[in-house]
Amino acid sequence: MPQIQKKILLVDDDRLILMLFNRALIDGGFQCSTAQSVEEAMILLGNDTPDLILSDYQMPGQDGFEFRTRVLNDKRYKNIPFVFLTSYTDRDLIQRGLDMQAVDYIDKETPVPLVVSKLNNILQAIRKEHEKSIYEIRVAAEALNLSSVPANPPVIEGFSLNFLYKSFEDYPGGDFIDFICIDNDFTFAVLGDVMGKKWGAWFFSFNFLSYIRSAIRLCVFDGDLSTASILQKINRVIFMDPVLGDVLSTLSLLMIEHKTGKVHYSGAGDLPLVYYNAHEKTCRRICSSGLLLGVMQDGLYNEEIINLAEGDQMIIVSDGMIDFELNGEKKSDYDLFFNFVMPMLGETNSFDLIKNVTFSADKRKHLVDDCSLIFIEKIKTDK
Amino acid sequence: MIETFTHSNYTVAKLQIKEANLDVAEQFKTEILQLIDKGQNLIIVSFENVAYVDSSFLGALVSVLKYAMSKNGDIAVVQLNKDINNLFNLIRMNKVFKIYNTLPDVFA
């Protein structure tokens, strides 16, 4: 599997040492940024978060211990693994460094290949620990039957439904997908994105999903078959919920009428739906108007009705699908995504084409968020 | 994280970061909530230095807006770059926040 280059911040007042280690670390496959003082290092930290900090003990002005204290006191940086670099083998100094939660120390006299191996080992150990924690969360989520995506897409006569889902670094939650079939007449397709997964919001996606599942069913039992009205009801519940009100979520809600081929579409802060018209061989985007769930009491939801004819296709996506990382710069670009998938629509194997391209191993390594996509096609029947 | 100055009734909070993401979202929230609690509840957040905004940060931004509104205040945003402006329009944040191109536009 391709590895993303790990970033090391190297701090030492000795320019020669900086140059030497900088070179060695780059040769060892790391990305390296260098600072000659603590102040300089703090500025670099503000611009970019490294995977590891390698810092000298003794520096004029603020020394390595003061640097470590500043890093520990800043919750943005305190979890970055910190390794002391030293020309001393003074046990007291080493002990003092390790007491400040430094993961290790490296003697400047250590041969360069050994330093590279040692850093690799440290990063690998941290990675393994992280993976273990995520694995445990996944096991717990599975044991509680908390799943944010269905095992398989539903089978509806006359339609082909499918979905793609890839979670960022395999955390459960974040994006969620659901299909709810009501009798044999309607199928609701739900795609949502609980924003801010990485700070723990993923945990809320299960709550959202429960709300949404029950809201849709309750509305349908009450005879409410309007996607806009259902969204507004969900929105009000979330707006008034003291916990969920602070967690933002997008939602695309589609209701497919099996017999007529009509698709009702409403969205809350979601990305435009891509609609392919087979007769005209055209592709266009359909924008919903509603606000993210829980932002305002009135979410201003509208409802678009699209008459799907045979061969017509539509896709809805979460924002991870439009995130790109180029030369270390992140950007979200819907137009780029739209132009990218457009040539693949209208084919007999459109879904597979999109899957192969957007979910290829090469694309996945640049993932910066969950990626989800729902694909709907009205199948051509032989007459 | 933010540099503030006041202009008539408004407090301008200028973000001093390039990437407005998860790492800074919580601190941003704390700093803005402190301003609101001090009674400065008309806040203009300047994105002049910001190149990228992620969803965690947007979450924090909406959260402080809701708090400001509960105190009869408001939060507007200014100086969004093209990508961020597109993102705001795309997910309808432009209906939630007043968006201005430049600071003088706010006070015009």
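## A strand pair in chain A

In β2(A), A:Gln31 is the bridge partner of A:Lys7. This comes from a predicted model. The two strands involved are β1, residues 7-11, and β2, residues 31-35, both of chain A. They pair in the parallel sense. Five bridges hold the pairing.

How does the chain get from β1(A) to β2(A)? The path goes through helix α1 of chain A, residues 15-27. This β-α-β crossover is right-handed.

## The other neighbour of β1

Strand β1(A) also pairs with strand β3 of chain A, residues 52-56. Four bridges join them, and the two strands run parallel. Look for A:Leu10 here: A:Leu54 in β3(A) stands opposite A:Leu10.

## The whole sheet

Now step back to the sheet. Chain A has an open sheet of five strands. Their order is β2-β1-β3-β4-β5, with parallel pairing. Which strands lie at the edges? They are β2 and β5 of chain A, the latter spanning residues 104-107. Each edge strand pairs on one side only. From one strand to the next, the twist averages 20°.

## Where the chains meet

Chain B touches chain A. On the chain B side, 21 residues are in contact with 25 residues of chain A. Three helices of chain B each give two or more residues to that side: α1 (22-37), α2 (55-70) and α3 (82-90). The largest share, six residues, comes from α2(B).

What classes of residue make up the side of chain B that touches chain A? There are 11 nonpolar residues, five polar ones and five charged ones.

Notes. Residues numbered from 1 in each chain as written. Chains lettered and ligands numbered in written order. Predicted model: local features only at pLDDT ≥ 70, side-chain atom pairs only at ≥ 80, totals over all residues. Contact = placed C-beta atoms within 7 Å. Nonpolar A, V, L, I, M, F, W, Y, C, P; charged D, E, K, R; others polar. Pairing = 2+ DSSP bridges. Right-handed = clockwise from strand over helix to strand, strands pointing away. Axes fitted to C-alpha atoms, helices over the stretch in contact; angles between N-to-C directions.
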